Amino acid sequence: MGYRTYLEMLRLPHTLFSLPFAYVGALAAGLRDPLDALVVGVALFSARSVAILSNDLVDREIDALNPRTASRPLVTGEADPSKVSMLIALFSALFVLSALYFNFLCFLLSFPILLAELSYPFAKRIHCFPHFHLGAVLGASPLAGFIAISNSLKGLPWSYSISLALWVAGFDIIYSMQDVDFDRKFGIKSIPSCFGESFALNSASACHILSFLSLLPSVRGPYSLASLIAFGAILLIENAEARRGKYKEAFDLNIISGLILGLGFMIDLI
């Protein structure tokens, strides 16, 4: 109970694996100032917190019906919905202020980013492709890091961003395989619940192949090349595990692959 419950709700490992992606964009734009680096981290942490908390808040009633999510704090009563709403507002303000710290362009773009994050929980109630909604949100992090430092829309790291979006979409398809029967019963839309498990697994594999290929133009040196090779190897293992029905184990590999991918590219840019 208490603050630890809310801290656990932030799922810090999920934020940790996504931090390097914003820094790849920022370093590509010439990041050198330690204070700028700190604020980039604050911005990404705030944005991820908004996304995670808002998803749990909106989904709390449906989560109560799902055995896999029935122990979440908003379901059990350990967390107060009003306090979670306050945290969402606080982290949203912190994200906008972090964007304003850098430049007015970042400030303006912070609002559509927040809208995309806050609307994600509703996407899976509307269409069968919420995985790409989530992918687009996380894929925007290197673009945001680049714009923060450059104050420009020129030279954006599109290949890296597209690769991240496809990677996230692919592993979210695999993640949603855990709930395919539940989702069909309660009208939650996803590629597995709409099109079947075989199509979903093939879609995840296609996303990951395209993600790997999209990264090739972003390789800048030996570390990014090594991380790309390791990333590809982990993707092969992840998809093999998913095809064995080990969806949770497959999904958990993404924390490792994300850190390897982000850090390798960061080192080559420093």
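**Pockets, packing and burial**

Tutor: The lining of the second largest pocket divides into 19 nonpolar, four polar and two charged residues, where Ala, Val, Leu, Ile, Met, Phe, Trp, Tyr, Cys and Pro count as nonpolar, Asp, Glu, Lys and Arg as charged, and the others, Gly among them, as polar. This is a predicted model, in which local features need pLDDT of at least 70 and side-chain atom pairs count only at pLDDT 80 or more, while totals for chains, interfaces and linings use all residues. Residues are numbered from 1 along each chain as its sequence is written, and side-chain values use heavy atoms, with hydrogens and water left out.

Student: What makes a space a pocket and not a cavity?

Tutor: On a 1 Å grid over the protein atoms alone, a cavity is a set of points where a 1.4 Å probe fits but cannot get out, whereas a pocket is an open set with protein on both sides within 12 Å along at least five of seven lines; lining residues have an atom within 4 Å of a point. The second largest pocket holds about 450 Å³ of space, and of its 25 lining residues the closest to the centre are F95, I113, A140, S141 and A144.

Student: What is the volume of the largest pocket, and which helix gives the largest share of its lining?

Tutor: Its volume is about 1,100 Å³, a volume being the space filled by probe spheres set on grid points that are joined across faces, edges and corners. The largest share of the lining, eight residues, comes from α3, and by class the lining of the largest pocket has 19 nonpolar, 10 polar and 17 charged residues.

Student: Why is α3 called roughly antiparallel to α5?

Tutor: α3 and α5 pack at an angle of about 150 degrees, with their axes 8 Å apart, where axes are lines fitted to C-alpha atoms, for helices over the stretch in contact, and angles run from 0 to 180 degrees between N-to-C directions. Angles under 35 degrees count as roughly parallel, over 145 as roughly antiparallel, 65 to 115 as roughly perpendicular and the rest as oblique, so the α3 and α5 pair is roughly antiparallel.

Student: How do you know whether V180 is buried or exposed?

Tutor: V180, which lies in helix α10, has 5% relative accessibility and therefore counts as buried, since buried means under 20% relative accessible area, exposed over 50%, and partly exposed in between (1.4 Å probe, protein chains only).

Terms used: Helix = DSSP H or I, 4+ residues; strand = E, 2+ residues; numbered from the N terminus.
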